[in-house]
Amino acid sequence: MNIVDLNCDMGESFGAYLMGRDEEILEFVTSANIACGFHAGDPATMRKTVKLALEKNVGLGVHPGLDDLVGFGRRDIAVSPQEAYDLVVYQIGALSAFVKAEGGKLQHVKPHGALFNMAAKNAPLSEAIAEAVYKVDPELVLFGLAGGELVKAGKRIGLRSASEVFSDRTYQEDGSLTSRREANALIKDPKTAVSQVIRMVKEEKVTSLQGSDVSIKADTICIHGDGESALDFARYIRSSLQDAGIKVAKIGDFLT
């Protein structure tokens, strides 16, 4: 049987500004990537999100981003590998304190936004991120774009590395995600998105925007929790995976 993790970015509210439907979406995902105050989130939101995820038995993950609240961490910033290392160590430390205080255990680390995309192509940056995770806790799982440099760096240093695919994003023929600056970056039709996911899991292939098939490995599937129909999509993709004979479980329970 195929088995896959279903993750979602969470804890991205900030002060009086609310984002996402975390409590409801936690019913359908198996891993939560929790913002740590750099691209989004704040201490109170971190605490609340950790507590909610633990109540739902959802895997707890650090979602470290660039120091860019205004740009939501999606703007490329020319950070050095050392700066990336420090950012990741700092944010793992911040979330791990809340996890420990609530009696839980961290499961994984998934860089956010621009940091994630930059690391997918930049080997030195990926090595710095992987080293940061490994030095803090070598038992953590590192999420990276399937086929990208971050997954390779994690495996080289000795981390369990999860190849991540995206349910609502289109792909380029080199296996990268289509830039959000492009009009066709997002898949808006739920059926199309789910069909793409099921093929990635079962056939290990995805059709690029250029029309060619790209080989891809899917250990974990990312869904986004901040869209208008995010909750409906979370419910739909979870049931569709199960109907397709694909088991959904926390990444830490099956990735070796």
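This is a predicted model: local features need pLDDT of at least 70, side-chain atom pairs count only at pLDDT 80 or more; totals for chains, interfaces and linings use all residues.
1. Two elements, strand 1 (2–10) and helix 4 (113–121), each give two or more residues to its lining. Helix 4 supplies the largest share, with seven residues. In total 34 residues line the largest pocket, and those nearest its centre are Gly113, Ala114, Asn117, Arg169 and Arg180. By class, the lining of the largest pocket comprises eleven nonpolar, twelve polar and eleven charged residues.

2. The second largest pocket has a volume of about 370 Å³. Its lining consists of 18 residues, with Asp168, Ile187, His224, Gly227 and Ser229 nearest the centre. Here the elements that give two or more residues are helix 7 (190–203) and helix 8 (230–243). The lining of the second largest pocket divides into seven nonpolar, four polar and seven charged residues.

3. The cysteines deserve a separate point. The disulfide count comes to zero. Cysteine 8 is buried, at a relative accessible area of 1%. Cysteine 36 also counts as buried, at 6%.

4. Aspartate 68 occupies the loop between strand 3 (59–63) and helix 3. With a relative accessibility of 5%, aspartate 68 is classed as buried. Its side chain is joined to that of arginine 75 by a polar contact of 2.5 Å. Setting aside residues up to four places away in sequence, aspartate 68 touches Phe38, His39, Gly73, Arg74, Arg75 and Ile77.

5. Glutamate 204 lies in the loop between helix 7 and strand 7 (205–207). Is glutamate 204 buried, exposed or partly exposed? At a relative accessible area of 41%, glutamate 204 is partly exposed, because that class lies between the limits of under 20% for buried and over 50% for exposed.

6. Serine 176 belongs to the loop between strand 6 (160–166) and helix 7. Serine 176 is buried, with 10% relative accessible area. Through its side chain, serine 176 makes a polar contact of 2.6 Å with the side chain of aspartate 174. Beyond residues up to four places away in sequence, serine 176 touches Lys121, Leu145, Thr170 and Tyr171.

7. Glycine 154 is situated in helix 6 (residues 149–157). Its relative accessibility is 0%, and glycine 154 accordingly counts as buried. Which residues are in contact with glycine 154, leaving aside neighbours within four places in sequence? They are Ala130, Leu142, Leu159 and Ser161. For alanine 130 the separation from glycine 154 is 24 residues in sequence and 5.2 Å in space, C-alpha to C-alpha.

8. Lysine 105 is placed in the loop between helix 3 (81–101) and strand 4 (106–109). At 66% relative accessibility, lysine 105 counts as exposed, because the limit for that class is over 50%. Not counting residues up to four places away in sequence, lysine 105 touches Leu60 and Val99. Lysine 105 and isoleucine 216 are 111 residues apart in sequence, and their C-alpha atoms are 30 Å apart in space.

Key
Residues are numbered from 1 along each chain as its sequence is written. Side-chain values use heavy atoms; hydrogens and water are left out. Helices (H or I, at least four residues) and strands (E, at least two) are DSSP runs, numbered from the N terminus. Buried means under 20% relative accessible area, exposed over 50%, partly exposed in between (1.4 Å probe, protein chains only). Contact means heavy atoms within 4.5 Å. A polar contact is a pair of N or O atoms within 3.5 Å; within protein, one must be able to donate a hydrogen and the other to accept it, and residues adjacent in sequence count only if both atoms are side-chain atoms. On a 1 Å grid over the protein atoms alone, a cavity is a set of points where a 1.4 Å probe fits but cannot get out, and a pocket is an open set with protein on both sides within 12 Å along at least five of seven lines; lining residues have an atom within 4 Å of a point. Ala, Val, Leu, Ile, Met, Phe, Trp, Tyr, Cys and Pro count as nonpolar, Asp, Glu, Lys and Arg as charged, and the others, Gly among them, as polar. Grid points are joined across faces, edges and corners, and a volume is the space filled by probe spheres set on the points. A disulfide is a pair of cysteine sulfur atoms within 2.5 Å.
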